[in-house]
Amino acid sequence: MKQRSSAELERATASLLGDRLLDVPITRASGSARLRLTALLRAACAHPVFPGWPTPVDDWLDEAARLADEVADADACGRVLLRRAIVRMRRLDLDAALALTRQAAAAVGGRSGELAACCAIGRVRVLVRLQRLDEACQALQAVPLAPPGEASGALRQLALGEYHIEANEVAAARAALTLALARLPEELVEERIQASQSLAFVFISLVDAPRAVGQLRQARALLRGAAVWPEVIQMDVALASLLAARGEHGAAQALFGEAAELCRAHPQPDLAILIDLGTARSSAAQQHGADAVAACLRAAKGYAEQGNLLGLVSMVIFMAGIQSAAKAFREAYRTLATGLAIARHRRWPAAEAVFRAHIDRLRNDLLGPAPFDEMVAQMVSEMRAR
């Protein structure tokens with residue numbers, strides 16, 4: 001199976017979801033109840049759901065449930081309940097998700113086949129997230145192997161991979177998730193994103209950075225195609241951090257930049273600080289001192305607003321280190337002195353001690369006592385003259 005580029009994946013996902021979305025309003029206006037039901041179910045299953053992100057899926061499922069009752073379609077009722085269960089799982093409402101998987105299985109009525117297998121697999125995935133791993137393992141073993149071409153076979157491999165990750169069986173997780181990605185139909189966008197993200201985690205655990213980068217790029221492309229911007233921000237940060245760790249600072253900077261831009265449209269306060277931190281480190285590594293210091297200031301401000309003492313202290317010290325490395329000793333001293341003043345004002349004695357220690361290091365080790373004292377005296381004199 002030929003691997004697609006990130007751009008191709010993004011375009012294909014956007015096109016696929018667009019087709020599914022167009023199906024829904026057209027068939028609401030005309031066509032039989034069964035035709036509308038089919039279109040709604042296709043759209044509801046293809047459109048990915050993420051915590052905190054608005055989605056039309058719930059309304060589609062409500063309408064599909066009414067139509068399934070109208071045409072007395074037990075399988076469609078089961079599909080609606082199963083999709084509701086997965087939606088709840090994606091939102092981390094796991095007890096409700098587990099109850100819905102039971103209802104879906106009951107609607108199927110104990111029959112064998114693709115839908116029954118998917119209901120059982122859905123239950124396994126919820127059990128894994130509930131950390132009920134023994135139950136999940138037993139339930140997974142009871143799911144029959146699917147014939148080639150059926151989606152349940154790929155979903156079984158995805159559930160198996162998720163189980164192995166939680167059981168800390170990394171090599172087994174890699175095999176299962178690789179197989180899942182090769183078999184998952186393109187319309188199962190949500191599952192393909194999950195498989196790519198999980199496989200990236202596995203490769204990170206195996207210290208295989210190139211393959212981890214590849215999987216993160218795939219997940220990011222799918223998320224961009226689906227226009228789930230808060231999740232794109234998270235993928236940008238994860239991918240940029242991994243690239244920066246490999247020394248690919250130009251590519252990392254571009255991703256941090258995109259993440260910062262998206263954060264302005266879709267605020268993510270916690271991620272905004274991580275973006276500034278990553279930008280500062282990557283800029284410093286490229287000796288872009290002014291950009292690094294500006295990013296440090298933004299991160300320090302964010303940590304101060306959160307009351308995060310450790311974050312604030314680490315950013316101030318990091319910024320002073322960048323300035324010292326550039327031999328901007330006046331700026332480094334001013335940074336540390338400002339941190340010391342903030343620590344005094346907030347009555348953080350531990351932070352005061354850290355800042356004093358770094359000021360002493362600047363005086364005694366980097367600059368020398370006499371030049372340092374002369375510099376400080378000159379700075380004080382300049383301030384008084386203003």
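Let's start in a loop: Leu92 sits between α4 and α5. Since this is a predicted model, what follows describes computed geometry. Leu92 has a phi near 65°, a positive value in a residue other than glycine.

Ala72 isn't a glycine, yet its phi is positive, at about 55°. Ala72 is exposed too, with a relative accessible area of 68%. One more positive phi turns up just after α6, where Gln131 takes a value of about 65°.

That brings us to α6 itself, which covers residues 114-129. This helix has 16 residues and reaches 23 Å from its first C-alpha to its last, close to the 22 Å expected at 1.5 Å a residue. Its list of buried residues runs through Leu115, Ala117, Cys118, Cys119, Ile121, Gly122, Val124, Arg125, Val126, Leu127 and Val128. An α-helix has 3.6 residues a turn, so residues three or four places apart point the same way. With that in mind, follow the buried positions along α6, for instance Ala117, Ile121 and Val124. What covers the buried residues of α6? The cover includes α4 (74-90), α5 (94-108), α7 (133-141), α8 (151-166) and α10 (189-205).

For a look at α8 from the inside, take Ser152, which lies in that helix. Is Ser152 buried or exposed? Ser152 counts as buried because its relative accessible area is 3%, under the 20% cut-off. Leaving aside residues up to four places away in sequence, Ser152 touches Glu114, Ala117, Cys118, Ile121 and Ala146.

Now for the nonpolar cores. In soluble globular proteins, nonpolar side chains tend to be buried together. Here the largest nonpolar core has 73 residues, and Leu82, Val124, Leu223, Ile233 and Ile275 touch the most other members. Val124 is one of the buried residues of α6. Ile233 touches Ala259, Leu262, Cys263, His266, Gln268, Leu271 and Ile275, again not counting residues up to four places away in sequence.

The largest pocket holds about 640 Å³. Its lining has 22 residues, with Cys45, Arg79, Cys118, Ala151 and Leu188 nearest the centre. The elements giving two or more residues to that lining are α2 (33-46), α4, α6 and α8. Which of them gives the largest share? That would be α6, with six residues. By class, the lining divides into 12 nonpolar, two polar and eight charged residues.

The second largest pocket has about 460 Å³ of space. Of the 17 residues lining it, Arg90, Arg129, Gln194, Gln197 and Ser198 lie nearest its centre. At least two lining residues each come from α4, α6, α8, α10 and α12 (229-245). This time the largest share, four residues, belongs to α10. The lining here has eight nonpolar, four polar and five charged residues.

How values were computed
Residues numbered from 1 in each chain as written. Predicted model: local features only at pLDDT ≥ 70, side-chain atom pairs only at ≥ 80, totals over all residues. Heavy atoms only, no water. Expected span 1.5 Å × (residues − 1). Buried < 20%, exposed > 50% of the residue type's maximum accessible area, 1.4 Å probe, protein only. Contact = heavy atoms within 4.5 Å. Core = buried A, V, L, I, M, F, W, Y, C linked by side-chain atoms within 4.5 Å. 1 Å grid on protein atoms, 1.4 Å probe; cavity = no way out; pocket = protein on both sides within 12 Å on 5 of 7 lines; lining within 4 Å. Points joined across faces, edges and corners; volume = space filled by probe spheres on them. Nonpolar A, V, L, I, M, F, W, Y, C, P; charged D, E, K, R; others polar.
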